[in-house]
Amino acid sequence: MSNFASTSPILDESLEVSIREHITSIINDQIGALPEIEKLTNDEIRGIIARYSAVLEGNFIYWMTATYLAIKVEEARAIIIENLTEEVRDSHPAMLRRFAKAANAFPTQVDALAVDSELTAVRLFLGKLEGVKSLATMAYFESYIQRFMSYLADLAAARGSAERVYTDVHGVCDIAHSEGLFQAVSVEMSINPMKAGSNLYEGVELLSTLVDTINHGSRQAAAKLHA
Ligand SMILES: [Fe+2]
């Protein structure tokens with residue numbers, strides 16, 4: 001785990017705690033609201049895996065890269081480089097694709113369009129390259145993904161798949177990444193401050209809306225497909 005509390009005089013621990021608590025409460029609500037797998041149809045189970053895959057496979061490395069471009073704190077950049085290196089070297093997108101295919105849940109046009117507007121909102125937000133907010137967003141995401149993994153593995157099991165590499169890897173290694181990113185938010189804030197009146201949680205809110213759409217589907221999906 002990256003820990004620069006002892007080397008950085010500008011780390012604001014109380015701010016870090018409040019950011020972590022706020023984001024953790026959002027994640028707790030989302031994990032608590034996950035549908036009971038026993039009550040889902042087989043197609044609804046497939047939909048959650050497929051939407052997750054449609055979002056994560058092509059976007060995680062892109063979003064981490066956007067965050068790298070947005071931030072100024074060297075320690076935070078080092079955490080992200082470590083993360084990106086692992087993603088590319090071990091090809092996490094290939095790992096996720098294998099997971100989705102094994103569960104017979106490879107995303108279709110319907111799945112991709114179900115998350116389309118929420119996904120676009122997150123992409124446009126990260127394109128603004130606002131360091132503090134982008135870091136908070138990725139700290140949320142790393143932490144959420146780690147908490148979501150056992151549920152994702154259970155969904156795959158319900159589809160008759162025993163493929164577990166993706167969920168095993170992300171249930172463990174992302175803990176260190178999210179801890180480092182939480183620390184980095186307050187440090188980034190001290191050297192690369194947000195604009196006055198800015199909402200620190202703008203990206204967290206947009207990304208958590210996208211996560212809700214992954215988990216619960218979108219009523220607008222069918223309409224978009226036929227538009
Ligand atoms: Fe990954």
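Helix 7 has a kink of about 40°, centred on M149; the bend at a residue is the angle between axes fitted to the seven residues ending there and the seven starting there. Helices here are DSSP runs (H or I, at least four residues; strands are E, at least two), numbered from the N terminus. Helix 7 covers residues 131-158, and its end C-alpha atoms are 40 Å apart, which agrees with the 40 Å that 28 residues should span at 1.5 Å a residue (the expected span is 1.5 Å times one less than the number of residues). After helix 7 comes G160, with a positive phi near 85°.

All of this comes from a predicted model, in which local features need pLDDT of at least 70, side-chain atom pairs count only at pLDDT 80 or more, and totals for chains, interfaces and linings use all residues. Residues are numbered from 1 along each chain as its sequence is written.

Zooming out, the protein has 11 helices and zero strands. Buried residues account for 40% of its 227 residues. Of the contacts (C-beta atoms, placed from the backbone, within 7 Å) between residues at least 6 apart in sequence, 91% join residues at least 24 apart.

Mean pLDDT, the predictor's confidence in each residue from 0 to 100, is 89 for the protein, and 89% of residues reach 70 or more. It stays under 50 over residues 1-9 and over residues 221-227. Where pLDDT is low, the predicted coordinates should not be read in detail.

Technical notes. Contact = placed C-beta atoms within 7 Å. Buried ≥ 20, exposed ≤ 12 C-beta atoms within 10 Å, placed from the backbone.
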